[in-house]
Amino acid sequence: RCYILSNENGKIQLSLRQSRLNQKSNSKVEDVEITCVKDVKKGQLVRGYVKSITPSGVFFGLSTSVMGRILFQNVSPYFVQKHSLYEKYLPEGKLLTAKVLGVTGKGKHIELSLLPEDTGMPSILPESLGLPRYDAEEEKREAEDREKKEEPKLKMKRRRANSESQGIIQSRKKIKLHRRLANIRNYSVITFKIHSSCYPSRCTHFPLLQETKPKKRKICPGDENDSGIEVYYREEDNQEEEADKKRSKIRKPAEVPRLQVSMGFTWDEDINAMNVPVLNQKEESSESEEEEDLQSKLKKQTKKEKELEKQKKEKELCKLEAALMDPSRQPQSADDFDRLVLSSPNSSILWLQYMAFHLQATEIEKARAVAERALKTICFREEQEKLNVWVALLNLENMYGSEETLMKIFERAVQYNEPLKVFQHLCDIYANSEKDKQAEELYHTMLKRFRQEKSVWLKYAAFLLKRGQTEATHRLLERALKALPTKEHVDVISRFAQLEFRFGDPQHAKALFESTLNTYPKRTDIWNIYMDIMIKHGSQKEVRDIFERVIHLSLAPKKMKFFFKRYLDYEKKFGTTESALAVKRAAVEYVDTRSSHADT
C-alpha cells in the first residue's frame, strides 16, 4: 500500500509515509515532510539520502523537491585529498542525519553539516584510516608562518654570537701577552690595565669584573694610540729581589691570587701569584675547546645515525607494503582485518574471520563489537550477507553468552530478517549444541506460527528421526497432512519416506512409497525417487520388480522411452547380457503393440 504523489511523463512518484497512508492517525511524525526551503530552519536536524558527490561537495536530498549541499570540510573532521574515498563511505541512497547550517543565495541553497559535533552521530570516516584532522593542518600552517617570521631574528642572534666569540678570542690573546710579560725577571712589580674595549658587551669570562661598575674618567689624547696595556718598572734593592725569589720557590698551596680592581678595569698583582690563574685559564680554555670538538662530532654522528634510521624505516615500510600487496597473505592482526574490511565491507566471510580472530584470543567483547560493526557497515540490500552475520552472532551468544543475551539477539534478528530463516537457524544451533529441550520448544512455536510452511514440518521430522523418535515422526506426518493443502501431500509423503530411509525404518518408508504410487501411479517423479533409493538401499530383485512394474504402465511414449533406457543401463551395469537382451525384447514388444494400436 502506497500513496501516489504525481504521475507525469510516464513516471509515477510514490510515498510510503505513514502520515499520508493513515491521515487520520494522531501519532507523532519523526521526520517532518519538507516541501520547500522555508520548512528548513538554521540548527535543525534533518534526515535525508545521499544523491551525488561532485567536486563542489556532497548533494543531500531532503525530499523529492528540496536538495541541500554539504561542503567537504563539513562532511568529516578528517582532511581527505582524494575525494573518491567519500564514494566508498557515502554510497548513493545512504540515509544520514545532518544539521542545517543556514540558507544562502537569497533562500535557494541549503548548507548542511555531517560533523559529529553538529549531529551527535559518529564520524562518516573511521579513525582507522589514519587521516589528518583539519585542526592539525591549520596548526602546521601557523607553525610555518611563525618560523618564517622568526628567521630574521635568529640570523641577528647568530651575528651577535659571532661578534661576541671574536671579542672573547681577542681577550684571550691579551691574556697570553700578559703571561709573557710576567716571565720577565728583571722587574719585580708589573702594573697593567686592560681597557673595556677588549671585552664584549656581556663578559662571561670575568664575572667579578662584570659586577663592579667602572668609574668615569677623562679620555686623554694619549689613550687613543694606547695598545690596551700599561707597564711600569720599579727597581728595588737586591735584598728584596732575593726575598721575592724565595717567596716564589716556597709558595703555600692554599694561597689564592689577590685581585685588586681599580679605575677602568686595572688591577695590581704580584708576578709570582699571577702564574696560577693564567695556567688555570689555559687549562679551562683547552677543556672548553675539547668539549666543543666532541659536541660537533656528536652532532655529525647524530645526523648520520638519523639518515641510517630513515633508510632502515624506509626499508621496513617497503617490506610491509610488499607483504600487504601479496594476495595470498593471511591477516595476522586487527589492523590487517581492518584493511580487508575497508576494501570489501559487504563481505560477510571477512567479518566472520575477524570475529574468529578475536575469539581465538578469547576476546569475546571485541568479537561482539566486530559483529555489531558489520551489521552497521554491510549495505541493507545484501540481505544474505547480513543474515550470515546474525547467525554468527547467535552462535557466539549460544557458546559464550547467557540465555537472556541469546534471546535478545534472536528478537533483534527476527525484526531485521525473514523470521522463518532466523527460527530455522536457531533450531539448527540448538540441535548442533545438543540442546534438545530448547530445540523442541522452538519447533513447537514454529509449527504454530508457520503451519503452512512445508519446510518446518520436514525439519522437525528430521530432528525427531535423528533422535530415534519414529513414532513421534509418524504422528507428525498425520498432523502435517491435516495442516498443509492437498496439493502438497504427495511431495510431503515422499520427503518423509526419504527421511525414513536415511534415519528411520526402511520398511515403513517402502510402505509409504507403495501406498503413494498405488494412489498416484502416473507420478513419474515419485517412481524415479523410489528407483534411486532402492538402487542404493535395496536388492537387485526388488529393483527389477519396480522396473517391470513401470514398463508395463500406460504412460506417454517419451516417458516410457526414458524408463526403458534406464532399465537397460541398469542391466548393463549390474546384470548380464541375457538380462540386457530381455529388456531390449520388451522394448521392441512395446513398440509393436503401440504401432498396432495406432493402425487400428
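**Close-up views of a predicted model**

Figure 1. Asp336 and Arg339 both sit in helix H8, three residues apart, which is about one turn of the helix. The model shown is predicted. The side chains of Asp336 and Arg339 meet in a salt bridge, with N to O at 2.4 Å. Asp336 has a relative accessibility of 7% and so counts as buried, the limit being under 20%. Arg339, with a relative accessible area of 40%, is partly exposed.

**Figure 2. The chain as a whole, for orientation.** The chain contains 22 helices and nine strands. Of its 600 residues, 30% are buried. Among contacts with a separation of 6 or more, 54% are between residues 24 or more positions apart. The accessible surface of the chain is about 42,100 Å², and carbon and sulfur atoms account for 51% of that surface.

**Figure 3. The ring pair Phe337 and Tyr354.** The structure has 16 aromatic pairs. In one of them, the rings of Phe337 and Tyr354 have centres 5.1 Å apart and planes at 5°, so the pair is stacked. Phe337 belongs to helix H8 (residues 334-343) and Tyr354 to helix H9 (residues 348-360), so the pair ties together parts that are 17 residues apart in sequence. Phe337 counts as buried at 5% relative accessibility. Tyr354 is also buried, with a relative accessible area of 4%.

**Figure 4. The ring pair Phe547 and Tyr570.** The ring centres of Phe547 and Tyr570 are 5.8 Å apart and their planes are at 35°, so the pair is tilted. Phe547 lies in helix H20 (residues 540-551) and Tyr570 in helix H21 (residues 557-574); the two residues are 23 apart, and the pair links distant parts of the chain. Phe547 is buried at 1% relative accessibility, and Tyr570 is buried with a relative accessible area of 7%. Both residues belong to one aromatic cluster, formed by Phe547, Tyr567, Tyr570 and Phe574.

Figure 5. The whole structure has 17 salt bridges. One joins the side chains of Arg412 and Glu372, with N to O at 3.0 Å. Arg412 is in helix H12 (residues 403-416) and Glu372 in helix H10 (residues 364-377), 40 residues apart, and the pair links distant parts of the chain. Arg412 is partly exposed, with a relative accessible area of 31%. Glu372 is partly exposed as well, at 25%.

Figure 6. Glu488 forms a salt bridge with Lys454, and the closest N and O atoms are 3.2 Å apart. Glu488 is in the loop between helix H16 (470-483) and helix H17 (489-503), while Lys454 is in helix H15 (residues 454-466), so the pair ties together parts 34 residues apart in sequence. Glu488 has a relative accessible area of 22% and is partly exposed. Lys454, at 22% relative accessibility, counts as partly exposed too.

**Figure 7. A network of salt bridges.** Glu365, Arg368 and Glu397 are linked in a network of salt bridges.

Notes. Residues are numbered from 1 along each chain as its sequence is written. This is a predicted model: local features need pLDDT of at least 70, side-chain atom pairs count only at pLDDT 80 or more; totals for chains, interfaces and linings use all residues. Side-chain values use heavy atoms; hydrogens and water are left out. Helices (H or I, at least four residues) and strands (E, at least two) are DSSP runs, numbered from the N terminus. Buried means under 20% relative accessible area, exposed over 50%, partly exposed in between (1.4 Å probe, protein chains only). Contact means heavy atoms within 4.5 Å. Accessible areas come from the Shrake-Rupley method with a 1.4 Å probe; for residues, only the protein chains shown count as cover. Rings of Phe, Tyr and Trp (its six-membered ring) pair if their centres lie within 6.5 Å; planes under 30 degrees apart count as stacked, over 60 as edge-to-face and the rest as tilted. A salt bridge is a side-chain nitrogen of Lys or Arg within 4 Å of a carboxyl oxygen of Asp or Glu.
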